[in-house]
Amino acid sequence: HSYELLRFCTEMDCTVVGGLSKLIAAFVKEIARTKVEDCEVKTGIDIVTSIDRDFGTNSWPNFECMDVMNPLPMFVGTDGIRRHAVGVGLTPLNNGEDLVNDMSTSMLLRVGLPLQLTDELEQCNSDNEAAHSCWHVANEYGFQPVFDAGVERLVLIVDEGSGNNLKPETLWNASTPKFVTDHYSPNVGIEEMINCVKRARK
């Protein structure tokens with residue numbers, strides 16, 4: 001059985017010594033209690049999670065890094081607000097728009113590029129040197145690119161079940177459904193920017 005740890009955090013300026021280990025131990029104990037005892041094949045338990053590398057890298061005990069996603073391009077306007085180019089539930093926001101004063105903090109953290117800019121980025125293609133022209137188009141609208149540090153995908157095998165010496169890589173590659181390994185966008189220009197970052201990392 002595979003489970004996902006969506007978030008582990010503590011109150012600001014507060015550290016719980018051994019907190020993660022205690023949480024996992026309690027979770028595994030609870031899962032073991034609810035397992036069907038007469039199962040012919042004992043199934044294992046693994047926990048997967050992700051770490052935003054902007055806030056650190058894998059220092060969690062016994063977790064193994066399976067994948068590191070590429071940095072994601074974002075943009076800062078002349079108003080100093082960061083805008084996402086990729087993601088779900090983004091609110092398009094023009095440069096210096098007065099709407100900012102009426103937006104909640106959670107909305108400000110999920111603002112996207114202006115619709116006029118994304119429409120123009122959609123026109124970028126490989127025939128007009130897309131990699132260069134996409135960044136240039138964003139610059140003409142007053143947006144400078146910034147990048148996050150990527151995301152680490154981690155796995156922890158807490159119970160191998162009937163599998164002998166089960167390797168985390170084997171489990172990760174066989175898991176269904178699979179985690180996405182790359183960022184993507186239906187917008188042609190933004191997708192080219194993502195590919196540009198990918199090429200730069202090779």
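Q: Among contacts in the protein chain between residues at least 6 apart in sequence, what percentage join residues at least 24 apart?
A: The figure is 67%. The model is a predicted one, and its protein chain has six helices and nine strands.

Q: How is a pair of aromatic rings described?
A: Two quantities are used, the distance of the centres and the angle of the planes. This structure holds three aromatic pairs. One of them, Phe75 with Trp135, is tilted, with 6.1 Å centre to centre and 40° between the planes.

Q: Which parts of the chain does the pair of Phe75 and Trp135 tie together?
A: Phe75 belongs to strand β4 (residues 73–76) and Trp135 to helix α4 (residues 130–140), so the pair links parts that are 60 residues apart in sequence. Phe75, Trp135 and Phe147 make up one aromatic cluster.

Q: Is Phe75 buried or exposed?
A: Buried means under 20% relative accessible area. Phe75 has 0%, so it counts as buried. Beyond its neighbours within four places in sequence, Phe75 contacts residues including Ile81, Leu113, Trp135, Phe143, Val146 and Met193.

Q: Which members of the largest nonpolar core touch the most other members?
A: They are Phe75, Leu113, Leu121 and Met193, in a core of 16 residues. Helices α3 (115–121), α4 and α6 (188–201) each supply at least two residues of this core, and α4 gives the largest share, four residues. A second, separate core has 12 residues, among them Val28, Ile51, Phe63 and Leu154.

Q: What share of the 202 residues is buried?
A: Buried residues account for 34% of the protein chain. The chain exposes about 12800 Å², of which carbon and sulfur atoms supply 54%.

Methods
Residues are numbered from 1 along each chain as its sequence is written. This is a predicted model: local features need pLDDT of at least 70, side-chain atom pairs count only at pLDDT 80 or more; totals for chains, interfaces and linings use all residues. Side-chain values use heavy atoms; hydrogens and water are left out. Buried means under 20% relative accessible area, exposed over 50%, partly exposed in between (1.4 Å probe, protein chains only). Contact means heavy atoms within 4.5 Å. Accessible areas come from the Shrake-Rupley method with a 1.4 Å probe; for residues, only the protein chains shown count as cover. Rings of Phe, Tyr and Trp (its six-membered ring) pair if their centres lie within 6.5 Å; planes under 30 degrees apart count as stacked, over 60 as edge-to-face and the rest as tilted. A nonpolar core is a set of buried Ala, Val, Leu, Ile, Met, Phe, Trp, Tyr and Cys residues joined through side-chain atoms within 4.5 Å.
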